[in-house]
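Dear colleague,

I am handing over the structure below, and my notes on it follow directly after. Please read them with the coordinates open beside you.

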Amino acid sequence: MKKSFSATIARFTDLLMDAVCMVDVDGRFVFVSSACERIFGYTQQEMIGRQMIDLVLPADRARTLAAARSITEGQANSSFENRYVRKDGQIVHIMWSACWSEADQLRVAVARDVTAIKQAEAMQVALYAISEAAHASDDLPALFERVHQIIGALLPAPGFGVALRGPDGQPLQFTYHSNADGPAPPHPLARLLGEEVLRSGLPVRITPSTLPYLTAQLRAAAGPAPDCWIGAPLATTQDLIGVLLLQSSGGQSQDSYTDRDQDLLMFVSKQVATAIQRKQLHGSLRFMAQHDELTQLPNRRLFHDRLEMALVRAQRHQSMLSLLFIDLNKFKEVNDSFGHACGDLLLRKVAQRLKECVREADTVARLGGDEFVIILEEMLVPEDAAQIREKIHQVLLAPILLPDGISLAITASIGVAHYPEHGDDVQQLLRYADQAMYSSKLQKVA
């Protein structure tokens with residue numbers, strides 16, 4: 001009768017969506033209900049006699065054993081949570097309600113799979129964190145570094161990269177790529193995977209099980225035992241702007257990406273794409289507000305900001321700073337003779353040549369019309385600025401080719417002011433350089 005009653009109870013437990021488990025004093029399963037196979041991936045026969053702790057995610061084993069000892073000592077627990085590794089390598093989140101049966105010398109527990117709830121919570125946290133990072137990050141690399149951290153909390157992601165579509169059909173440009181050791185050049189497979197995702201507009205996963213379904217080029221590059229990868233498209237409502245890539249180490253089943261991981265990354269990639277688009281838009285608007293539309297040089301507002309900061313640095317380091325004020329000679333005649341389109345092209349060519357005359361750290365700006373200014377920092381002696389002035393005269397004399405076979409050689413009048421010799425603030429230096437430029441122009445006219 002007792003055996004028949006126990007069999008009846010076992011059949012009833014098989015009706016439950018939650019799993020019922022019994023573990024002996026040695027930590028081995030002695031009974032599991034049929035729901036265990038759905039939750040853990042192992043059959044009842046595979047679990048009976050197996051050590052419970054062997055199925056627990058290694059990171060959770062110490063606190064799981066501590067909870068088990070507490071239950072064995074008579075302290076029931078109705079809300080203990082830990083993570084198990086399924087037979088297929090996926091990680092499942094379990095909420096346990098457990099007690100100790102003194103008569104049977106068994107821990108009796110009911111296990112509920114709360115993975116979906118945990119994933120939903122994690123995605124909400126990730127969504128908020130990505131949105132927060134988009135507002136807090138100063139630039140795209142800083143944003144991508146934070147996104148790497150956010151995704152790494154959801155999925156194995158020692159390798160992470162973001163590649164954006166290049167302009168006018170150019171190759172993918174890796175704006176960010178990092179591995180377990182920090183920033184690193186993109187893995188050779190990363191570019192091929194990114195190009196395939198960009199071509200198809202669909203996610204692509206590289207694992208041992210997906211190799212037969214990949215393109216021949218990807219299979220050849222991945223090899224027979226590849227690391228595991230997921231490439232997810234970065235798509236906005238208007239366009240496909242790039243690819244988000246994850247790389248995990250191969251050889252361990254729990255590091256092999258699954259359909260669930262791919263779905264989660266697709267969700268995240270949509271939020272990342274929106275954040276990138278917003279950051280690019282803000283960057284574009286900020287650039288437009290600070291730069292001359294025609295030449296892409298800093299405009300008057302940005303020039304004044306940079307000159308003020310340069311003066312602060314010069315004062316702090318007690319160094320010399322030079323300011324060059326440049327006005328093109330007879331530029332109006334170019335517009336009158338050849339039209340404003342040719343005049344605009346001439347200004348763009350002049351802007352490019354001026355930039356080639358100075359260092360990367362120096363500033364070339366357009367104040368408006370045919371007036372340009374250059375800030376030269378860390379000048380040792382006034383003669384350094386004089387050499388750059390002569391270099392500008394020489395490069396502008398070289399013929400500039402315009403449409404319809406027009407070739408022009410332009411000249412310029414250049415005034416130079418030095419800090420602290422000619423002034424210690426923005427207005428004083430500008431006034432002196434402007435007057436020096438007009439003196440130079442009058443000499444040429446004379």
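F40 and Y84 are both buried, a term used here for a relative accessible area under 20%, with exposed meaning over 50% and partly exposed in between (1.4 Å probe, protein chains only). Their ring centres lie 5.0 Å apart with the planes at 55 degrees, so the pair counts as tilted; rings of Phe, Tyr and Trp (its six-membered ring) are paired if their centres lie within 6.5 Å, and planes under 30 degrees apart are called stacked, over 60 edge-to-face and the rest tilted. The pair joins distant parts of the chain, since F40 sits in helix α2 (residues 35-40) and Y84, 44 residues away, in strand β3 (residues 77-85). Helices (H or I, at least four residues) and strands (E, at least two) are DSSP runs numbered from the N terminus. Together with W96, F40 and Y84 form one aromatic cluster, and the structure holds three aromatic pairs.

Please keep in mind that this is a predicted model, in which local features need pLDDT of at least 70 and side-chain atom pairs count only at pLDDT 80 or more, while totals for chains, interfaces and linings use all residues. Residues are numbered from 1 along each chain as its sequence is written, and side-chain values use heavy atoms, with hydrogens and water left out.

Turning to the sheet, four strands form an open, antiparallel arrangement in the order β13-β14-β12-β17, where two strands pair if DSSP finds at least two bridges between them. β13 (363-368) and β17 are the edge strands, each pairing on one side only. β13 pairs with β14 (residues 371-379) over five antiparallel bridges, and V364 stands opposite I374 of β14. Helix α12 (residues 340-356) lies across β12, β13 and β14 and runs at about 5 degrees to β14, whereas helix α13 (residues 382-397) touches β12, β14 and β17, its direction making about 165 degrees with that of β17. Contact here means heavy atoms within 4.5 Å, and axes are lines fitted to C-alpha atoms, for helices over the stretch in contact, with angles from 0 to 180 degrees between N-to-C directions.

Some backbone details also deserve a look. A cis peptide bond, with omega about 5 degrees, joins Y419 and P420, and P420 is placed in the loop between β17 (412-419) and α14 (426-445). Q296, although not a glycine, has a positive phi of about 65 degrees; Q296 belongs to the loop between α9 (259-290) and α10 (300-317) and is partly exposed at 43% relative accessibility. Q318, likewise not a glycine, has a positive phi near 55 degrees, lies in the loop between α10 and β12 (320-328), and is exposed at 75%.
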